[in-house]
Amino acid sequence: MCDLVARTGRHQQRYEHGRRLVAGCIPFRYKDNNDETSDDGHKKLVEVLMINSQSGSGLLFPKGGWENDETVEEAAAREAIEEAGVRGDLVQLLGFYDFKSKTHQDKFCPEGMCRAAVFALRVKEELACWPEQSTRKRTWLTLSEAVERSRYPWVREALTTGFTTWHENWSNGGDHVDPSSR
């Protein structure tokens with residue numbers, strides 16, 4: 001039994017210009033890569049955490065409704081705990097990604113349009129128990145594997161243009177990527 005409980009319902013859901021506002025993150029970690037062809041022989045490999053979709057094949061990252069009583073950062077961190085069972089540090093806002101939800105259409109958003117604020121989350125803890133563990137499976141993947149197995153085009157875009165661009169800059173000592181350019 002898990003002591004953590006997922007939020008449910010839409011009574012506090014945020015909307016803007018006919019779109020449901022969503023917050024999510026791309027959880028990541030480093031794994032040793034003992035590739036003999038690398039210059040230092042002991043390079044770190046970045047992996048991202050993906051979860052299964054509840055409505056079909058393919059993978060995505062934790063995301064869900066941004067509610068009125070929380071900041072977008074709090075919503076992204078909450079979704080990481082609820083859906084993927086991970087905690088960590090939100091490192092950077094990667095951008096905003098628009099998509100159409102087939103399952104979340106309501107009177108405030110009849111066409112199902114959504115705008116997701118997506119963050120990079122450096123994982124510090126994997127929980128043994130989390131609210132959606134009975135319906136979600138977590139999978140650590142390399143970036144190329146994650147792109148290949150992504151369920152939706154907007155998830156692939158967030159991985160390739162958002163996360164990859166930011167991570168290359170950040171790991172080379174850069175500060176950050178401007179998410180308003182996405």
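A residue counts as buried when its relative accessible area is under 20%. Glu 47, at 7% relative accessibility, therefore counts as buried. The views below all come from a predicted model.

**View 1. Glu 47 and Arg 29 pair across two strands.** Glu 47 sits in strand β3. A salt bridge links Arg 29 to Glu 47, with the closest N and O atoms 2.8 Å apart. Arg 29 belongs to strand β2 (residues 19-33) and Glu 47 to strand β3 (residues 43-52), so the pair ties together parts that are 18 residues apart in sequence. Side chains of opposite charge can pair when their charged atoms come close. Setting aside neighbours within four places in sequence, Glu 47 is in contact with Pro 27, Phe 28, Arg 29, Lys 31, Trp 140 and Leu 141.

View 2. Arg 136 and Glu 132 form a salt bridge, their closest N and O atoms being 3.2 Å apart. Arg 136 is buried at 10% relative accessibility. Glu 132 is also buried, at 16%. Elsewhere, salt bridges with shared partners join Arg 29, Lys 31, Glu 47, Glu 126 and Arg 138 into one network. The structure holds 14 salt bridges.

**View 3. Helix α1 is largely enclosed.** The helix covers residues 72-84, 13 residues in total. From its first C-alpha to its last it reaches 18 Å, close to the 18 Å expected at 1.5 Å a residue. Ten of the 13 residues are buried, so α1 is largely enclosed by the rest of the structure. The buried residues are Val 72, Ala 75, Ala 76, Arg 78, Glu 79, Ala 80, Ile 81, Glu 82, Glu 83 and Ala 84. Charged side chains are included: Arg 78 and Glu 79 meet in a salt bridge at 2.9 Å, N to O. Both of these residues are buried. Gly 85 follows the helix, with a positive phi near 65°.

**View 4. Trp 130 reaches the backbone of Glu 83.** Trp 130 lies in the loop between β7 (113-126) and β8 (138-142). This tryptophan is buried, with a relative accessible area of 8%. Its side chain reaches the backbone oxygen of Glu 83 at 3.3 Å. Glu 83 is itself one of the buried residues of α1. Ile 81, another buried residue of α1, is 49 residues from Trp 130 in sequence. In space, Trp 130 and Ile 81 are 6.6 Å apart, C-alpha to C-alpha.

**View 5. Trp 154 belongs to the largest nonpolar core.** This core has 42 residues. Those touching the most other members are Ile 26, Val 48, Val 118, Trp 154, Leu 159 and Phe 163. Strand β7 gives the largest share of the core, eight residues. Beyond neighbours within four places in sequence, Trp 154 is in contact with Phe 61, Lys 63, Tyr 97, Asp 98, Phe 99, Ala 116 and Val 118.

**View 6. Cys 25 and Cys 114 are buried.** Cys 25 has a relative accessible area of 0% and is buried. Cys 114 counts as buried at 1%. A search of the whole structure finds zero disulfides.

**View 7. His 17 has a positive phi.** His 17 is found in the loop between β1 (15-16) and β2. The phi of His 17 is near 50°, a positive value in a residue other than glycine. Most residues other than glycine have a negative phi. His 17 is exposed, with a relative accessible area of 72%.

Conventions. Residues numbered from 1 in each chain as written. Predicted model: local features only at pLDDT ≥ 70, side-chain atom pairs only at ≥ 80, totals over all residues. Heavy atoms only, no water. Helix = DSSP H or I, 4+ residues; strand = E, 2+ residues; numbered from the N terminus. Buried < 20%, exposed > 50% of the residue type's maximum accessible area, 1.4 Å probe, protein only. Polar contact = N/O pair within 3.5 Å; in protein donor to acceptor, adjacent residues only side chain to side chain. Expected span 1.5 Å × (residues − 1). Core = buried A, V, L, I, M, F, W, Y, C linked by side-chain atoms within 4.5 Å. Contact = heavy atoms within 4.5 Å. Disulfide = S-S within 2.5 Å. Salt bridge = Lys/Arg side-chain N within 4 Å of Asp/Glu carboxyl O.
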